[in-house]
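Please look over the sequence and the structure below. The paragraphs after them go through a few places, one at a time.

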Amino acid sequence: MNRPIVRTKGRHKILLVYPLQGGSGAFVRHIPLGLLYTSAKLVKQGAFVEIFDCRLNPRTWREELANKLDKETLIVGISVMTGSPVVQASKIGEMVKEFDSHINVVWGGPHATFNPNSILENEETCDYVVNGYGSEAFFELYQALIVGEQPRNIPGVVYRDGTSIVATPREEEFEHIKYEDIPYHLISDYDAYGHIGHNNRTFSMYSALGCPYLCTFCSSPAEYRDIPGKKWIPLEVQEVVDHVEYVVKEYRANFVYFIDDDSFVNLKHVEGIIDEINRRGLKVKLGFRGARINEIKKMTDVFLDKLVAAGTNIIHVGAESGSDRILKLIKKDCTAEDILECNRKLARHPEMKTLYNFMMGAPTETAEELKATRDLMLAIVRDHPNSIIGTPNRFRPLKNTELYDLAIESGYTPPSTANEWLEYEIESATGTDSLPWISEEIKKMMDLILIGSYFIDRKAIKVATGNSAIEKFVRLVDNVYGPIARWRLRNGNTKFFIELPIYKFANNVAKSFTPNFESKKNKIIA
Ligand code: B12
Ligand code: SF4
């Protein structure tokens, strides 16, 4: 279905909403790229689209969102990740329907992709779910809704018809939106986005699509399983660097975050990009969120020097566990010793921070294996002073993953209602009740590692370097409490662990904060 946009005097407006995020959203606020991609085709065809980001107004979003709605609003689309954004999306749906029940509420994003039926069964106010990539499906859904038709046979669109749920299978191919078609103008204030402690103007983008690996906890293999052919497609170097140049020149970006699942499957790909960035003389820092130990093993010091010289400021590495058995279970294709060896290599290039991701509480994981993770974290920090231990993810089974099946076998019952999804907050220290394999001993160890991870590497000093109230507070806590946390972590001591309730309280408070990432040096004077 590819009719031109029908313009009516009646309902035609689309409002795309990014809900408040969980705890990690207090530290990282990327541009709502999913919404820009989703609206790309619609904007190109002349539809009226607005973006509203609740994260920029955490306390007043209801009133501000209500002000954006009127009798011409046809669709409110919400981008939903698993965890507390599900509850937020549910609140947005209720608010919209209270305002006007004729507005169509559409859920999309990673959570919607894996849970369309559960959403439609439990969220009365959600009318349609888009499963998978958004641009084409949302365009076609809009075309149906604007002329009052049922969105029959639209790949990826799922909806209720009476008491049954109708789903048309999605198109199984990678979505690639040309950078010229990304409607960047829908975002009015780029200074509002970034990472805590950075006063950079950060733009996230892809350099490659997909991922060829099969880590058993991750949603990506499930997402790409049925896509025929290669599972990792590097974008053309010229195109990637044209995109970088475009955001640098048009939007004064000075930090580009490659949000690829994995950028380094073929080292030549990244090498091509950094060479071309250098050749064009673009002044921009780089971050890569997808790097694997088996890939770092292949990187030479010359390659790493080049990455640093090109302005690479941070690289994220999935270490996940200090236990070789767990590393094998999650198919990381490496051992704990490999991680240490790669870490020592990365330590020789300290200008580039290395952020390690970890996971705790996988099905069958024992307390001893968790201690091995704790020991690995301590060794990483000892060997590489500019490493950062990311807040470890408490394992939560993601639908369609191999570990999900193992979790079900191990007695796990998945959530259904929005409030149950709240318990899914991966980085929070609450709610392990639905994971029956987590013993009291493991739970204590997980809590200890979680709290310790904030202090193990002095990240407050490395990351929260700005002058905002929250950053000053974080540094103060690091100075006063940090030594105790590190001592507890090293010794596995959880006696009188009053830090845990304090942490839970602080985590909740942090969510309603809007840290100021504003880049004053870089402000565009309109
Ligand atoms: C940036 C990012 C974050 C940021 C937040 C996002 C932001 N904008 O600031 C932060 C750091 C806070 C974050 C946190 C987490 N993240 Co994250 N994150 C990402 C990342 C790297 C990029 C997201 C992005 O912009 N993608 C690009 C856009 C174009 O893709 P997209 O959002 O999927 O949108 C497409 C479709 O989903 C759909 N769509 C999206 N929104 C909408 C809306 C409508 C109306 C429609 C119709 C369609 C639609 O259309 C879009 C275009 O095709 C992805 C990995 C990736 N490469 O996508 C992981 C990813 C989304 N995160 C993931 C995970 C596991 C997490 C965490 C749970 C754990 C963790 N610590 O990483 C937390 C928890 C978040 C929470 N509950 O609050 C998983 C997905 C989990 C899930 N089921 O939700 C991903 C896919 C990584 C992975 N492979 O494991 N994340
Ligand atoms: S964790 Fe990373 S490397 Fe592994 S499958 Fe997911 S995206 Fe790919």
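In this predicted model, helix 20 bends by about 55° at Y481. A proline, P483, follows within four residues of that point. Helix 20 runs over residues 469-491, which is 23 residues. At 1.5 Å a residue it should span 33 Å, and its end C-alpha atoms are 32 Å apart, so the two values agree. Just after helix 20 comes G492, with a positive phi of about 60°.

R458 sits in the loop that joins helix 18 (440-453) to helix 19 (459-462). It is partly exposed because 17 other C-beta atoms lie within 10 Å, a count between the limits of 12 or fewer for exposed and 20 or more for buried. The other is D333, where phi is near 55°. D333 belongs to the loop between helix 13 (324-329) and helix 14 (336-347). With 16 other C-beta atoms within 10 Å, D333 is partly exposed as well.

Next, find K268 in helix 10, which covers residues 267-280. K268 has 11 other C-beta atoms within 10 Å, and therefore it is exposed.

Last comes a ligand site. Which residues surround ligand 2? They are C211, Y213, C215, C218, S220, P221, D261, D262, G290, R292 and G318. This shell around ligand 2 consists of five nonpolar, three polar and three charged residues.

Technical notes
Residues numbered from 1 in each chain as written. Chains lettered and ligands numbered in written order. Predicted model: local features only at pLDDT ≥ 70, side-chain atom pairs only at ≥ 80, totals over all residues. Near = placed C-beta within 6 Å. Nonpolar A, V, L, I, M, F, W, Y, C, P; charged D, E, K, R; others polar. Helix = DSSP H or I, 4+ residues; strand = E, 2+ residues; numbered from the N terminus. Expected span 1.5 Å × (residues − 1). Bend = angle between axes of the 7 residues up to and from the residue.
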